[in-house]
Amino acid sequence: MTVPPQPDPLPVPYMGFEFDSAQRLPLLLCLDTSTSLSRHGAIASLNTALRSWAESLAEDMALSAAVDVAVITFGGVDRITVWQGATPLGPVAPEWPHSPFVPAHEFRPPVLKADGVTLLDRALRLAMNVVADYKAGLRAEGLTYYRPQICVVTDGFPSDEEGRPSHAYRELLPDLRKAEEERRFRLFAVGVGEHHPGAEEVLRDLAPHYHAWLEGFPFAELLTAMSHSAKATQGGAAEAEFQEIFARLKRRRGGGQVPA
């Protein structure tokens, strides 16, 4: 009987002393890749921005030594996809000592396609669980970490499995408020593209302090803001500095416009 080859196990996040000894800064991108992103070149813009951002992380010595990146997308055939760099892991995240987080100097972004519905609530719940598992694993290994960042990006109103508008995200709100009080992570909720009725209120509900709807598809500027926020975190910045970083993002003008 021939035994089929088994896939290689997921790599344990840290192998070298240099990166083991650094205080970790988990940064999770929770990205909408639903069918609507196929319009106006939005998904191509997102892929280009992710490639450029990965290069900028690797070139920044402070960030590349400390930041760990994970990606969760909502859309596509699997509805939810957890990524470890460019590798799709499916709709369920592995648990410590395996993880979708990879050190920034090793991060290679996935090539994303636009398809499916907007299961924002399920993706964000999974993101919260992935961050909690990662923090617990770091503590078990005696590693320290900064306050994690989760950035949710969408271009529409949350939907159910059939694509109908859904308010299921409201079930997350008590946990999000508690997480905010306990400083478990900092959540950014950003809308892009054309406004949809009520969609900006969803973002406000999710992240009262850090929500915005941005004109067009300024993914590069958004990811740059996440890098600035990561640096502020490393520097022990006060909350006012994070608010200013986000305010500058919201004030942006030009570029990434939705075609008429």
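How far apart in helix H5 are arginine 177 and glutamate 180? They sit 3 residues apart in that helix, which covers residues 173-181, so about one helical turn separates them. Helices here are DSSP runs of H or I with at least four residues, strands are runs of E with at least two, and both are numbered from the N terminus.

Before going on, a word about what you're looking at. This is a predicted model, in which local features need pLDDT of at least 70 and side-chain atom pairs count only at pLDDT 80 or more, while totals for chains, interfaces and linings use all residues. Residues are numbered from 1 along each chain as its sequence is written, and side-chain values use heavy atoms, with hydrogens and water left out.

The side chains of arginine 177 and glutamate 180 meet in a salt bridge, 3.3 Å from N to O; the term stands for a side-chain nitrogen of Lys or Arg within 4 Å of a carboxyl oxygen of Asp or Glu. Side chains of opposite charge can pair when their charged atoms come close. Arginine 177 is partly exposed at 26% relative accessible area, and glutamate 180 is partly exposed at 26% too. On this scale, buried is under 20% relative accessible area, exposed is over 50%, and partly exposed is in between (1.4 Å probe, protein chains only).

Count up the salt bridges and you get 11. One of them joins aspartate 60 to lysine 231, with the closest N and O atoms 2.7 Å apart. Aspartate 60 lies in the loop between helix H2 (42-59) and helix H3 (61-66), and lysine 231 is in helix H7 (residues 219-234), so this pair ties together parts 171 residues apart in sequence. Aspartate 60 is buried at 16%, whereas lysine 231 is partly exposed at 41%.

Arginine 164 pairs with aspartate 160 at 3.0 Å, N to O, and arginine 164 is partly exposed at 49%. Elsewhere, salt bridges link Arg79, Arg122 and Glu161 in a network.

Arg79 also turns up around threonine 73. You'll find threonine 73 in strand E2 (residues 67-74), and at 3% relative accessibility it is buried. Setting aside neighbours within four places in sequence, its contacts (heavy atoms within 4.5 Å) include Leu31, Thr33 and Leu112.
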